[in-house]
Amino acid sequence: RSFFFFFSKINLNMSDFKGLLMGMGNPLLDISADVGQDILDKYGVKLDDAVLAEEKHLPIYQELIDNYNAGFIAGGATQNSIRVAQWMLKASGKENETAFMGCVGSDAYAKNLEDCASKDGVLVNYMKDEATPTGTCAVLVKDGERSLIANLAAANNFKKSHLETPESTAIYTAAKFYYIAGFFLTVSVESLVTVAEHALANDKTFCLNLSAPFIIDFFGDAVATALPYADYLFCNESEAAAYAKKHDLGEDLKEVALKIAASEKKNDKPRTVIFTQGDKSTIVAKGGVVTEYAVDPLAKELLVDTNGAGDAFVGGFLSELVQGKDMETAVKAGHWAAKYIIQQPGTTIDKPCEYKN
């Protein structure tokens, strides 16, 4: 039997959280390495994709550590975005504006994740599962592109009961903006709905990411539950195409964005849909209008890996959104953050943010 209890740094007073932004998702430790095509083939994965680990994938984590000089980097899509948002908010003189919830084990990996997020200025409010190890994600990097294999482990055990603790309630009722990546839809839809219903009832802003084609293809009911709450919906071009295919929305991504923006919503606020497309223009649809924002491309020789690029875009975007900035300013910040992160291994933000909007 798993025993869950509240876990945080003692020197952080949860009930005093006055921040703007809360994320909830799967905290994972990235185990990242440069590999050849042989490893991708061996484990049946392709670049620019993300999958949940099956039995056949489980040996890869140790293989990367033993044979590929793997690096350990704090990860998990939502946690990455929240860390980047706080990093950029700090550059604007705003500290202690963000919090994150997810489930970890009781092990060194959990301590690593918490130390990293706390150092970045994020208030972490982890649920802790004594019986299950902290989740990991194999990041296979080839020619700068990445493939992800996530072994959720403890991250899969987040429960709505954690939101009912006084500390958690204080955090999510204080926040004004919420961000949850689609990966969390495989874990606890009822927890997402709890937060989304709070946002809806209190006229706060709820943001969602579709995260990966497999979420759309295999967790369609969960997506259909979450999407009507979304004031902002993020995804990349492959996820947009997967959603369009599943729902017969056509192949023109601008039209797809407009159709998703106009789809069922719980309130009358117009939904904003944002499609990133790597180094191609970002598509934004809202209120029947599509706008494209050009991306300043990065020289190929400066690319380290694309792991975390989409997460960083969201983090940069949210750092301006929560300050009430306009769409162009938010997208520009997202582009800057993504460009910075692809020049680092994973979501590495160990230097002060130098962004000036």
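D48 lies in the loop between helix 1 (37-42) and strand 4; helices (H or I, at least four residues) and strands (E, at least two) are DSSP runs, numbered from the N terminus. This is a predicted model, in which local features need pLDDT of at least 70, side-chain atom pairs count only at pLDDT 80 or more, and totals for chains, interfaces and linings use all residues. Residues are numbered from 1 along each chain as its sequence is written, and side-chain values use heavy atoms, with hydrogens and water left out.

Although D48 is not a glycine, its phi is positive, about 60°. Its relative accessibility is 38%, so D48 counts as partly exposed. On this scale, buried means under 20% relative accessible area, exposed over 50%, and partly exposed in between (1.4 Å probe, protein chains only). N96, in the loop between helix 3 (77-91) and strand 6, also is not a glycine and has a positive phi, near 55°. N96 counts as exposed because its relative accessibility is 56%. A positive phi near 55° turns up again at D248, which follows helix 10.

Two strands pair if DSSP finds at least two bridges between them.

C137 stands opposite A150 of strand 9. Contact here means heavy atoms within 4.5 Å, while axes are lines fitted to C-alpha atoms, for helices over the stretch in contact, and angles run from 0 to 180 degrees between N-to-C directions.

## Strand 7 and its partner

Helix 4 (residues 108-119) also belongs to a right-handed β-α-β unit with strand 6 and strand 7; right-handed means that, with the strands pointing away from the viewer, the path from the first strand over the helix to the second runs clockwise. Strand 6 (residues 98-105) and strand 7 run parallel and are joined by seven bridges, and G105 has D129 of strand 7 as its bridge partner.

How many residues of strand 7 (residues 123-129) are buried? Seven of its seven residues are. In a regular strand the side chains alternate between the two faces of the sheet. Here L123, N125, M127 and D129 are buried on one side, and V124, Y126 and K128 on the other.

The buried residues of helix 10 (residues 237-246) are E239, A240, A242, Y243 and A244. Their cover includes strand 11 (205-209), helix 8 (213-218), helix 9 (220-226), strand 12 (232-236), helix 11 (253-261) and strand 13 (272-277).

Helix 12 (residues 309-321) packs with helix 13 (residues 327-341) at an angle of about 145°, and their axes are 7 Å apart. Residues making the contact include F313 and F317 of helix 12 and V331 and I341 of helix 13.
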